[in-house]
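Keep the model open while reading.

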Amino acid sequence: MPDRKCVADRTPVPRTTLTEIFLGAVDRFPGVVAFQHFESEQVLRDTTYAEALEVVRVVAGALDALGLERGDRAAILSDNRPEWPFADYGCLCSGVIDVPIYATLPANQVAYMLRDSGARLLFVSTAELMAKALEARAECGREVTVVVFDAPESLPEGVISWDAFLKAGEPHAEALGLAGFRRRALQVGPDDVATILYTSGTTGD
């Protein structure tokens, strides 16, 4: 066999952040489709990078409205859908650490993660997951605001709909402005914590 030598790639790895990558994509591809999802069985909805940025700005404003600050934690208990990355990037651009939780986990494991991470906010996708979140919130003994993407008509105390969450964020996003939003998002450093991820085997007390 021929002698094969492995040559290391000495190119320096760029030190960057998830917020820089997101904003860089928005700047380069504002009109390009970033996300697609089915609004119904027949209707496929496109979201461009520019449109995604506007939603993320409002999410960041809503986090401000709820009093979350840099270093606070917000959990996400949801299936795959556009609101998931909107919530994720809203947190990242605000310096809020997000905590993704598998939607299939039982309430007692969700409670452990909420308690252990110190989450103050929990995004959920459906009424079914809202019920699980309420059970977990009661068990973990923490004040955790729940935001429901597909909210039922009647909401318990401490639970708000995604639409109401965004509406509360609009004045804060407008007051901060696009330039202020970008400045804050780019304050995040490469060594800052972005996400607390509980992998299999880490959910036991």
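## Basis

This is a predicted model: local features need pLDDT of at least 70, side-chain atom pairs count only at pLDDT 80 or more, and totals for chains, interfaces and linings use all residues. Residues are numbered from 1 along each chain as its sequence is written, and side-chain values use heavy atoms, with hydrogens and water left out.

## Salt bridges across the chain

Side chains of opposite charge can pair when their charged atoms come close. The structure holds eight salt bridges. The term means a side-chain nitrogen of Lys or Arg within 4 Å of a carboxyl oxygen of Asp or Glu.

Arg 182 and Asp 27 form one of them, at 2.8 Å from N to O. This pair links distant parts of the chain: Arg 182 sits in helix 6 (residues 162–185), Asp 27 in helix 1 (residues 18–28), 155 residues apart. Helices (H or I, at least four residues) and strands (E, at least two) are DSSP runs, numbered from the N terminus. Arg 182 is partly exposed at 22% relative accessibility. Asp 27 is also partly exposed, at 47%. The classes are set by relative accessible area: buried is under 20%, exposed is over 50%, and partly exposed is in between (1.4 Å probe, protein chains only).

Arg 184 pairs with Asp 64, with the closest N and O atoms 3.0 Å apart. Arg 184 is buried at 18%, whereas Asp 64 is partly exposed at 25%.

## A network at Arg 81

Asp 150 forms a salt bridge with Arg 81; the closest N and O atoms are 3.0 Å apart. Asp 150 lies in the loop between strand 6 (145–148) and strand 7 (159–161), and Arg 81 in the loop between strand 3 (73–77) and helix 3 (83–94), so the pair ties together parts 69 residues apart in sequence. Salt bridges with shared partners join Arg 81, Glu 83 and Asp 150 into one network. Arg 81 is buried at 18% relative accessibility. Asp 150 is partly exposed at 42%.

## Thr 47

Thr 47 belongs to strand 2 (residues 44–48). This residue is buried, with a relative accessible area of 6%. Leaving out residues up to four places away in sequence, Thr 47 touches Val 32, Val 33, Ala 34, Phe 35, Ala 52 and Phe 86. Contact means heavy atoms within 4.5 Å.

## Pockets

The largest pocket has a volume of about 220 Å³. A pocket is an open set of points on a 1 Å grid over the protein atoms alone, where a 1.4 Å probe fits, with protein on both sides within 12 Å along at least five of seven lines; lining residues have an atom within 4 Å of a point. Its lining has 17 residues, with Val 188, Gly 189, Asp 192, Val 193 and Ala 194 nearest the centre. Helix 1 and helix 3 each supply at least two lining residues.

The second largest pocket has a volume of about 180 Å³. Its lining includes Thr 47, Arg 81, Glu 83 and Phe 86. Strand 2, helix 2 and helix 3 each give two or more residues to this lining. Volume here is the space filled by probe spheres set on the points, which are joined across faces, edges and corners.
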